[in-house]
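Dear colleague,

Please keep it open while you read.

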Amino acid sequence: GNHTLLTGFVLSGFPKHPELKHLLFFTFCLIYTIAIIGNLLIFVVTVHPSLRMPMYFFLRVLSFLDISTASIVVPKMLVNFLSEDRSISYMGCAAQLYCVIFLAATEWYLLAVMAYDRYVAICNPLRYAIIMNSRVCLSLVLLSCCSGNVVSVVQTAWVFSLPFCGPRKINYFFCDIPPLIMLSCTDTSLYEKQIITATALVIFTPFCLILVSYACIISSILKISSAEGRHKTFSTCSSHLTVVTLYYASGTLIYLRPKSSNSQDTKKVLALMYTAIIPTLNPLIYSLRNKEVKGVL
């Protein structure tokens, strides 16, 4: 019954489309390359003296998280496209799950911090430099990381406390909570409820903070008399809103129904969204819609 714990798992990836493996390999290799280069450019550009503001400090942290997320998932997926051996060790699977949850949870909290930063900048511009000083910014990032670490440790320990038996094939392209609990040979209904609770705390709590921040921001924007001023102010928030919508929507749809077998293919697409596509889009979203970043670049 515990044989899987000793031998590891097999990542099936995308078994329904084996004829597309070479096309998928080159596609995701290109996506990964763009993600790494784009986020490195954002990281380097925002170090420029003219961009030494809290918003760009948080953007550098976001770029680091995106590089890490893509690097944890995509290289192993690329190898599996061309290799017959798609196995991953038990400890390797646990490490990958921990890293993915840690980076995802940290990014969810960081996006809420970035929304708070925009709130202070727009609603309290005269006190912005005092409120968002370097110590506060660093503390908010560390708090996001610590919160992400707690969530990841709890979830990883809980998943790997389950007994695994029977087929050791994971119907996914990386180790994640939904496909792993489907391999358990015990009743996981209690654990599924725990995941839903954790999803509410980890995703909906920061999302509600984002909604409150943007409600105050929109209220302040509407008070601006000129249409040009309103447009200019809102343009500083539109990039962040785009990323929030994509990231929170994909995470919510994956973890609210963790053991729904009918939606495994859909979950793979959604997982690709936050592990590969969003890290690629973030540099484009924040550079193409930001005149200051484009100017420095």
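Cysteine 99 is partly exposed, at 24% relative accessibility, where partly exposed lies between buried (under 20% relative accessible area) and exposed (over 50%), computed with a 1.4 Å probe on protein chains only. The sulfur of cysteine 99 is 11 Å from the closest cysteine sulfur, that of cysteine 175, which is too far for a bond. Cysteine 29 also counts as partly exposed, with a relative accessibility of 29%.

Before going on, please note that this is a predicted model, in which local features need pLDDT of at least 70 and side-chain atom pairs count only at pLDDT 80 or more, while totals for chains, interfaces and linings use all residues. Residues are numbered from 1 along each chain as its sequence is written, and side-chain values use heavy atoms, with hydrogens and water left out.

The structure holds one disulfide, a term that stands for a pair of cysteine sulfur atoms within 2.5 Å. It joins cysteine 93 to cysteine 175, with 2.0 Å from S to S, and the link is left-handed, with -125° about the S-S bond. The two cysteines are 82 residues apart and tie distant parts of the chain together, since cysteine 93 lies in helix 4 (residues 90-123) and cysteine 175 in the loop between strand 3 (169-170) and helix 7 (177-181); helices (H or I, at least four residues) and strands (E, at least two) are DSSP runs, numbered from the N terminus. Cysteine 93 is buried at 0% relative accessible area, and cysteine 175 is buried at 0% relative accessibility.

Helix 4 is mostly covered, with 24 of its 34 residues buried.

Best wishes
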